[in-house]
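User: I'd like to learn how to read a model like this one, feature by feature. Can you walk me through it?

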Amino acid sequence: MTQHPDRAEAAIVVDGIRKSYGDLKAVDGVSFTVSEGEFFGILGPNGAGKTTTLEIVEGLRKPDSGTVTLLGESPWPRKVSMLPRIGVQLQASAFFDKLTAREQLETFASLYGIGAKTAGEYLELVGLTDKADTREDKLSGGQRQRLSIACALVHDPDIVFLDEPTAALDPQARRNLWDVLRAIQARGKTIVYTTHYLDEAEILCDRVAIMDKGRILAMDPPATLVRGLDAPTRIILERGALGLEEAQGITGADDVTEDELSLTFTTRKPAPVLSALAEKGSLDGLQVRTATLEDVFLSLTGREYRA
Amino acid sequence: MTAFKSLTQAGVKGFVRDKATLFFSIVFPLMFLVVFGLIFGNSGTNKTKLGVVGDGPVVQALNQTGVVDFQHYGSLDEAVQHVKDGDVPAMIAESGGTVTLRFAASDQTQAGVVQGLVSGVTDKVNLAATHQKPVVNLDSSQVEDSSLNAIQYLTPGILSWSVATSAVFGAALTLVSWRRKQVLRRLRLAPINPAVVLTSRLTVAVTLAVVQAAMFVGIASLPVFGLKLSGTWYLGIPVFLLGILAFFSIGMLVGSFAKTEEAGTAAANIVVLPMAFLSGTFFPLDSAPSWLKTVSNVLPLRHMNDGLTDFLVRGKDASALLVPCAVLLGFMLVVGFIASRVFRWEDA
């Protein structure tokens, strides 16, 4: 579900924030608005300024200029009354020494005056019920990451900030975490998260901002960004499914290339190409690829995306 | 559960479950106490060794003095050889009415002690043999002097040192590791007053110190060591608590500057270790040069040490509270103020 920021109430309004460290302009005039219930992604390679942006929005850093309005108030300086309404997932080591998963959650819950009972509920949400009595230092990387998300949620905040929650996880752990993130959104939370996995953002986010070198280059729902590229579709078959010359004869095929593994059509009219291939019965190993956010990044910056 | 209670509980659990920290803050200082207690515990009753050949009234009388440690040899020549080799400072041989005393010339003091002892005993035996009343009666008994038995100064000394070490390290390393692991950020983002976090850590430090003190006094009071607490030991409590506060604030200061746990450990060691040697923790400062005594007066550990010694073993009255309490309180306020000024939530 995508909500347009103008229509829903804005949870976060960021206006022209800048932050420099010496000569480095970490954040160089960033503005965006996140509406309530939205899943908003900030994407970009390492060093793009995502984390600094997030920290300014959370009220952990003061911007050199520009304003942030979080739930109608400025988050800087520290506003104790606002803190229960925001949840921030920190790096996966932000735990007390030697406590079990359940004890970590109970301790963090107590900081918000919340009883120990909710700990079990959030362990279940992140799929750690069977690890409740395991010490934090004995958990795997993915489990710790999920525990740190549970710790950010335990006081039931309205806005959740997640900084690279899926970084350094194996593919299975990443997918498990996606389910957790979707479950959080289903509870009506506003989620702001950063990632350098463009494919992941495309799947999860209602809207993304692509950042590079401290600036936002583009901001829209992922599908809109991809369509806006007007990039050709690529249709890929197994090599040998069709002769190269026969392939070049198909109507609508703008370009056909062949390598050791594949035969690749590039086309702006995929329908006639696909129906011609279907008629010939040559659909072995069929893959249809449209542009991705990586292509968007390439066209925005003129360079290949490197996380 | 309140934030204070759960943070304190988390701190205690984290401490108890960390075997290495547990060892270094409780077992390690106790080892110092035991080792030093055993080494220095015997120094006061060190007996003079004496080679002995044969037996007789003089040898019997010497044995009864309780200040010599007999080494029996078979012949005069063998015993003399042991003196020459330096195994024993002197030897006596008694046979019939003759007592032969041979001593090594290298140690004049020992030689004098042995000579005096043997001739005194011989005179006594001679006198007894004449059955005459002595002209002069000697009345001798021991008095308590101000210099303390080893365990009496070791217990308050090593206790202050170990409590100070735990407080400095506990505060410094918690602060550094919480900052590095972003636990501080987590706390900053929670609706909690920093004073609550601080007092919960202090409670953990005080709890640990009380456990240390109980174990120290308990073990030192065993008959092997023989610590005797004075009647005013309870006056040591304010000194003890203020000492923890003073050293906790020093730890906060160290933790504000150090970026890594390694740097924090090194810095805390640099602060505490020299102070331990200059404050009379392991040996009394009575025989130290006067400039050293002056220097040690600016050290908080010296005053914690003196204060605890005054009340735990010397039995001083409440008027002796003033100096140690004032110095420790002053340290806590000044260092704590500086630490609060330089405190950082984040590294960058």
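Analyst: Let's begin with domains: their bounds come from an automatic or database domain assignment. This is a predicted model, and here chain A is divided into domain 1 (10-223) and domain 2 (232-289).

User: How far apart are the C-alpha centres of domain 1 and domain 2 of chain A?

Analyst: They lie 43 Å apart. The C-alpha trace of chain A spans about 70 × 45 × 40 Å along its principal axes. Chain B also has two entries: domain 1 (3-41 + 147-342) and domain 2 (47-130). In chain B the centres of domain 1 and domain 2 are 50 Å apart.

User: Back to chain A. How many helices and strands does its secondary structure come to?

Analyst: Chain A has 10 helices and 13 strands. Of its 307 residues, 50% are buried. Among contacts with a separation of 6 or more, 66% are between residues 24 or more positions apart.

User: How do I read a sheet?

Analyst: The general idea is that strands of a sheet pair through backbone hydrogen bonds, either parallel or antiparallel. In chain A, take the open sheet of six strands, in the order E5-E6-E7-E3-E8-E9 with mixed pairing. Strand E5 (86-89) and strand E9 (215-220) are the edge strands, each pairing on one side only. On average, neighbouring strands of this sheet are turned by 15 degrees against each other, direction ignored.

User: Which helix packs on that sheet and touches E5?

Analyst: Helix H1 (residues 50-58) of chain A does, and it also touches E3, E6, E7 and E8. The direction of H1 makes about 155 degrees with that of E6(A). Helix H5 (residues 171-186) of chain A lies across E3, E6 and E7, and runs at about 155 degrees to E7(A).

User: Do strands E3 and E8 of chain A run parallel or antiparallel?

Analyst: They run parallel, with four bridges joining E3 (residues 39-43) to E8 (residues 207-212). Across that pair, Phe40(A) stands opposite Arg207(A).

User: Now a single residue. Is Thr53(A) buried or exposed?

Analyst: The cut-off for buried is under 20% relative accessible area. Thr53(A) has 0% relative accessibility, so it counts as buried. You'll find Thr53(A) in helix H1 of chain A. The side chain of Thr53(A) reaches the backbone oxygen of Gly49(A) at 2.6 Å. Leaving aside neighbours within four places in sequence, the contacts of Thr53(A) include Ile17(A), Val27(A), Ile42(A) and Met211(A).

User: And where does Asp254(A) lie?

Analyst: Look at the loop between helix H8 (244-248) and strand E11 (255-258) of chain A. Exposed means over 50%, and Asp254(A) has 51% relative accessibility, so it counts as exposed. Not counting residues up to four places away in sequence, Asp254(A) touches Thr266(A), Thr267(A) and Arg268(A). A polar atom of the Asp254(A) side chain lies 3.2 Å from the backbone nitrogen of Arg268(A). Asp254(A) and Asp206(A), in turn, are 48 residues apart in sequence and 33 Å apart in space, C-alpha to C-alpha.

User: Which residues of chain B does UniProt list for "transmembrane region"?

Analyst: The unreviewed UniProt entry lists 21-40, 158-178, 202-227, 233-254, 266-285 and 321-343 of chain B. Over residues 233-254 of chain B, the chain is 86% helix and 0% strand, with the end C-alpha atoms 32 Å apart. Over residues 321-343 of chain B, the chain is 91% helix and 0% strand, and the end C-alpha atoms are 32 Å apart.

Key:
Residues are numbered from 1 along each chain as its sequence is written. Chains are lettered from A and ligands numbered from 1 in the order in which they are written. This is a predicted model: local features need pLDDT of at least 70, side-chain atom pairs count only at pLDDT 80 or more; totals for chains, interfaces and linings use all residues. Side-chain values use heavy atoms; hydrogens and water are left out. Two strands pair if DSSP finds at least two bridges between them. Helices (H or I, at least four residues) and strands (E, at least two) are DSSP runs, numbered from the N terminus. Axes are lines fitted to C-alpha atoms, for helices over the stretch in contact, and angles run from 0 to 180 degrees between N-to-C directions. Contact means heavy atoms within 4.5 Å. UniProt positions are given in the numbering used here, feature names are shortened, and annotations may be inferred rather than shown by experiment. Buried means under 20% relative accessible area, exposed over 50%, partly exposed in between (1.4 Å probe, protein chains only). A polar contact is a pair of N or O atoms within 3.5 Å; within protein, one must be able to donate a hydrogen and the other to accept it, and residues adjacent in sequence count only if both atoms are side-chain atoms.
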